[in-house]
Amino acid sequence: MFVQEEKIFAGKVLRLHVCTMEGAEWLEEVPEDTTVEKLKERCLKHCVPGSLEDPKTVTHHKLIHATSEKVLTDAKTVLEENIQDRDVLLLVKKRAPPPLPKMADVSAEEKRKQEQKAPDKDAILKATANLPSRNADRTVAHHNMRDFQTELRKILVSLIEVAQKLLALNPDAVELFKKANAMLDEDEEDRVDEIALRQLTEMGFPESRAVKALRLNHMSVTQAMEWLIEHADDPTVDAPLPGQAPSEATAEAGASSAEAAAGPSSEAGGEEAKDELTEIFKKIRRKREFRPDPRAVIALMEMGFDEKEVVDALRVNNNQQNAACEWLLGDRKPSPEDLDKGIDTNSPLFQAILENPVVQLGLTNPKTLLAFEDMLENPLNSTQWMNDPETGPVMLQISRIFQTLNRT
């Protein structure tokens with residue numbers, strides 16, 4: 001009996017379950033030395049009759065081992081792909097690659113990209129070659145802002161002088177400013193939140209330390225308590241805050257305040273009333289003296305600056321710590337003395353302000369003078385006075401006139 005040689009030496013036959021994405025399923029028997037490509041052709045003959053007429057059909061399909069999710073390589077045999085008997089294979093059609101763009105589409109896309117591309121340095125220089133050159137400096141904006149603050153302060157200084165002269169002509173001026181002086185004695189800035197203070201003292205902290213901690217931490221009980229614990233062993237914990245008037249000065253101010261509140265004697269004439277009004281003006285000015293931010297003072301003094309120059313820097317720069325530091329490290333201009341100089345009374349800006357009816361009416365109101373004094377030494381309070389129904393319109397007109405003339 002004659003037996004074919006290939007059947008004698010044929011490899012092991014495997015039974016494989018083949019599935020398609022459409023749900024077809026069948027059993028395929030193949031020797032283990034069969035290539036994946038041959039197996040794929042047999043599968044296509046079974047599920048897609050006549051598909052092998054197109055040679056691309058085989059390359060457009062792939063076999064996937066279901067268990068390992070591995071895509072089988074066409075050139076390898078079933079044995080090399082480590083496929084076992086009764087394994088499941090999945091016949092999948094490959095996704096068609098996206099069509100290549102037409103030349104017209106490519107040109108349009110490139111053109112769009114070029115239009116959206118930012119110009120390079122050479123293109124910018126070419127486009128701006130005919131423009132007049134300017135020496136742009138980033139510090140200009142900072143100096144302009146500083147000039148604005150300086151000019152506004154000069155305006156307030158001069159307007160205070162005018163307001164004092166106008167109000168001195170009012171027969172009730174002395175009484176009005178006595179009331180204003182009493183109002184300043186109740187300044188909220190000097191008061192301490194009683195509830196917060198009681199909470200800290202009930203924890204066992206000394207009252208003087210608790211007051212200092214609350215003022216340093218903007219009346220926050222939690223932050224004040226943390227500060228007290230952190231500085232419990234600090235030898236300077238009971239020292240007064242930088243820039244805070246000592247008790248002797250406070251007592252002296254209280255005594256002079258009492259003298260001012262006494263009013264003119266029965267024998268006093270118009271000249272004495274005028275002197276009394278002048279004294280009240282001075283007292284109001286002293287009570288509105290600049291109060292530096294204690295935290296900023298401490299931070300700047302830790303850098304090695306003297307307390308007096310730190311207070312001057314904060315006064316010049318409206319309590320802004322970073323700006324004060326730059327002032328201390330720079331040319332220190334404007335100087336603190338420059339802050340007390342008024343604007344030229346003959347300047348077009350000052351004349352335009354005085355000719356404004358709203359400003360003229362406001363200058364006869366004692367509250368306007370108080371607002372000017374407050375903003376002069378505490379610029380951060382400007383928002384409060386801008387929102388005040390009596391002083392807000394005056395400040396708005398001054399700001400508009402300044403900005404209008406500053407642009408011309």
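**Helix contact and sheet**

Me: What makes α9 and α10 a pair in contact?
Reply: Arg209, Ala210, Lys212, Ala213, Leu214 and Leu216 in α9 meet Val221, Ala224, Trp227 and Leu228 in α10, where contact means heavy atoms within 4.5 Å. These residues divide into eight nonpolar, no polar and two charged; Ala, Val, Leu, Ile, Met, Phe, Trp, Tyr, Cys and Pro count as nonpolar, Asp, Glu, Lys and Arg as charged, and the others, Gly among them, as polar. The model is predicted: local features need pLDDT of at least 70, side-chain atom pairs count only at pLDDT 80 or more, and totals for chains, interfaces and linings use all residues. Residues are numbered from 1 along each chain as its sequence is written, and side-chain values use heavy atoms, with hydrogens and water left out.

Me: Why are α9 and α10 called oblique to each other?
Reply: Helix α9 (residues 207-216) and helix α10 (residues 221-230) pack at an angle of about 120 degrees, their axes being 8 Å apart. Angles under 35 degrees count as roughly parallel, over 145 as roughly antiparallel, 65 to 115 as roughly perpendicular and the rest as oblique. The two helices are therefore oblique.

Me: What is the order of the strands in the open sheet?
Reply: The five strands follow the order β2-β1-β5-β3-β4, with mixed pairing; two strands pair if DSSP finds at least two bridges between them. β2 (25-31) and β4 (70-71) each have a single partner strand, so they stand at the edges, with one side of each left without a neighbour in the sheet.

Me: How do you know that β1 pairs with β2 and with β5, and in which sense does each pair run?
Reply: β1 and β2 are joined by seven bridges and run antiparallel, with Leu14 opposite Val30 in β2. β1 and β5 are joined by four bridges and run parallel, with Thr20 opposite Leu91 in β5.

Me: What makes β3 and β5 a pair?
Reply: Strand β3 (residues 61-65) and strand β5 (residues 88-93) share five bridges in the antiparallel sense, and the bridge partner of Lys62 is Val92 in β5.

Me: Why is the meeting of Asp74 and Lys40 called a salt bridge?
Reply: The term requires a side-chain nitrogen of Lys or Arg within 4 Å of a carboxyl oxygen of Asp or Glu. Asp74 and Lys40 meet at 3.0 Å, N to O, and therefore qualify. The pair links distant parts of the chain, 34 residues apart: Asp74 lies in the loop between β4 and β5, Lys40 in helix α2. By this rule the count comes to nine salt bridges.

Definitions and conventions: Axes fitted to C-alpha atoms, helices over the stretch in contact; angles between N-to-C directions.
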